[in-house]
Amino acid sequence: MSENRAAVLAPADPVLDLLEFEATDVTGTHNVVARDVQSSLPAGAVASALAHRMSLPADVPWALRDERSSAFLDDGVAIGDQIETKARLTVVPKSHLG
Amino acid sequence: MNEIGNVSAKLWEGVLGELGFTARGASGIYSHPEIPVFRTAPDSTPLPDSVVFSVEAGWGILRAEWRPQPEDHLRGQLGRPGLWKSCGDATSAEAQPICELPPALLAVADPRGQGEEGAWLMRDTLAWGLATAAGEPLAGWELPDANLVAACLPPEYLTVQVGPVLRQISVENEPGLLALRCGLLPHLPDDLSPQRRGWLAELLRDGHNRWRLVRIGITPDDTVVAEVDLSGAPPDALEPLLKTGLEALRYAVEGLVRATDFLADSSVTCRAVEVHSPRG
C-alpha cells in the first residue's frame with residue numbers, strides 16, 4: 001500500500017472558505033490530504049481532480065462518498081455545502097452493473 | 001497598426017469628438033488631454049495624464065501617455081473599478097496604465113452594423129473608461145440584472161481544472177461592484193526563498209502584462225488573485241464584456257496555476273530555480 005500525501009487541489013479566493021479533508025481511492029492504495037480547497041468548488045470537479053492526483057483512469061467518471069454518512073456527494077453542488085472540514089472521503093468510480 | 005478587420009478608431013470619430021478626443025493626424029490615434037489616471041506605489045494619488053484611444057489588433061485601447069516611475073505591478077491594483085491596469089517590465093523605468101476593450105464589444109458598437117445605437121454604446125463605454133481611469137468608485141451606477149449576469153456566466157465555466165489543480169471563479173455582483181475573481185494562491189508561504197519569490201513575481205507580472213482584461217496581484221494579506229473588474233460598465237456592454245472577461249480570466253488561470261503552485265510549494269526542491277534568477 002502506498003501513500004501519497006500532498007497538498008492538492010485548490011487554493012482559494014480570499015472571500016471564500018477553505019476546506020481540508022482526506023481522500024482515498026476505493027482500494028485504499030492512494031491517500032491524499034487536500035488542503036486549501038475552495039468550499040465553493042463543485043464536488044464533481046473535486047472528484048475529477050482527486051482522481052487525476054491519484055493517477056486513476058481519466059476515462060472513468062468519478063464521484064465522492066463521505067465515509068461518515070456513506071452518502072455520495074452531489075456532483076453539481078458545492079463541496080463545502082456537503083461536508084465539514086477534516087472529512088474523510090472516498091473516490092469511487094461511477095459504474096453501472098448489468 | 002491601428003486597423004484590423006476593417007475596424008478602426010475612425011468609425012467612432014464623432015463620438016470621440018463629443019468626449020473631447022482629437023485626431024492625431026491620420027494615424028488612427030485620438031488623444032484626450034488631462035484625465036486623472038491612477039498610480040500604484042509609492043503614491044497612489046491619480047495624476048493628470050493625456051489618454052489616447054486607438055484600435056490595435058481588433059481591440060480598442062485606451063492608454064495613458066505619461067509614464068510614471070517604476071511601480072510594483074503586483075501591489076495596489078486589485079479592486080479598482082473598471083479595466084484599467086498598469087503594465088510594464090519589472091526592470092523598466094516605465095509602467096503604462098492601459099484599458100482594453102475586446103473585439104466582441106467593438107463589434108456590438110460598430111456603427112456600420114448597429115447604427116446610432118452602436119455609436120451610443122461606444123460613447124458610453126469610452127466615457128466609462130475615462131471615468132474609471134482614476135481608479136475611483138463610480139457614483140450612480142446601477143447594479144446589473146442578476147439574470148443577465150448569470151446567463152453570460154454558465155456555472156460550469158466558473159470552475160477551472162488543470163490536471164489535479166482546481167480553482168473556482170467567483171462572481172461578485174453587489175452594489176458598486178461587478179467583478180470576476182479567482183484566487184491563484186491562498187497565501188504566499190513565509191519560508192519561500194528569495195529566488196523562488198523572484199520567479200513567482202516574474203511569472204505573475206508576465207501574466208498580468210500578457211493577458212488582456214485580467215489584473216493579477218497580491219492582496220495585503222499575501223493572497224494572489226486574478227480578476228476582471230467590470231464595475232460601472234454600461235448595461236449594453238455587459239454581455240460581450242462578461243463573456244470575454246470570463247474567457248480571459250480562464251485562460252490566465254489555466255496558464256498560470258500549475259507553475260504558480262509549483263513555485264509556491266517550498267516542499268518541492270528545484271535546483272534550477274534556486275541557482276538562476278529570473279533576470280539571468
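In this predicted model, strand β7 of chain B is joined to strand β8 (residues 96–101) of chain B by three bridges, and the two strands run antiparallel. Within this pairing, Lys85(B) stands opposite Ile98(B), a residue of β8(B).

These two strands belong to an open sheet of six strands in chain B, whose order is β3-β4-β5-β6-β8-β7 and whose pairing is antiparallel. The edges of this sheet are taken by β3 (22–23) and β7 (85–87) of chain B; each has a single partner strand, so one side of each is left without a neighbour in the sheet. In general terms, the strands of a sheet pair through backbone hydrogen bonds, in either a parallel or an antiparallel manner.

Chain B also holds an open sheet of four strands, arranged in the order β11-β12-β14-β13 and again paired in antiparallel fashion. Here β11 (170–174) and β13 (215–218) of chain B stand at the edges, and because each has a single partner strand, one side of each lacks a neighbour in the sheet. From one strand to the next, the twist of this sheet averages 30 degrees.

Helix α5 (residues 194–210) of chain B lies across β12, β13 and β14 (224–229) of chain B, and runs at about 155 degrees to β13(B). Helix α6 (residues 238–264) of chain B packs on the sheet as well, where it touches β12, β13 and β14 of chain B. The direction of α6(B) makes about 15 degrees with that of β12(B).

The description now turns to the meeting of the two chains. Chain A and chain B each bring 20 residues to the contact. The area buried between them is about 1500 Å², and carbon and sulfur atoms give 60% of that area. Across this interface the rule finds zero salt bridges, while two residue pairs are in polar contact, both at pLDDT 80 or more.

On the side of chain A that touches chain B, β2 (31–38) and α1 (43–53) of chain A each supply at least two residues. It is α1(A) that gives the most to this side, with six residues.

Definitions and conventions:
Residues numbered from 1 in each chain as written. Chains lettered and ligands numbered in written order. Predicted model: local features only at pLDDT ≥ 70, side-chain atom pairs only at ≥ 80, totals over all residues. Heavy atoms only, no water. Contact = heavy atoms within 4.5 Å. Buried area = accessible area lost by both parts, 1.4 Å probe. Salt bridge = Lys/Arg side-chain N within 4 Å of Asp/Glu carboxyl O. Polar contact = N/O pair within 3.5 Å; in protein donor to acceptor, adjacent residues only side chain to side chain. Pairing = 2+ DSSP bridges. Axes fitted to C-alpha atoms, helices over the stretch in contact; angles between N-to-C directions.
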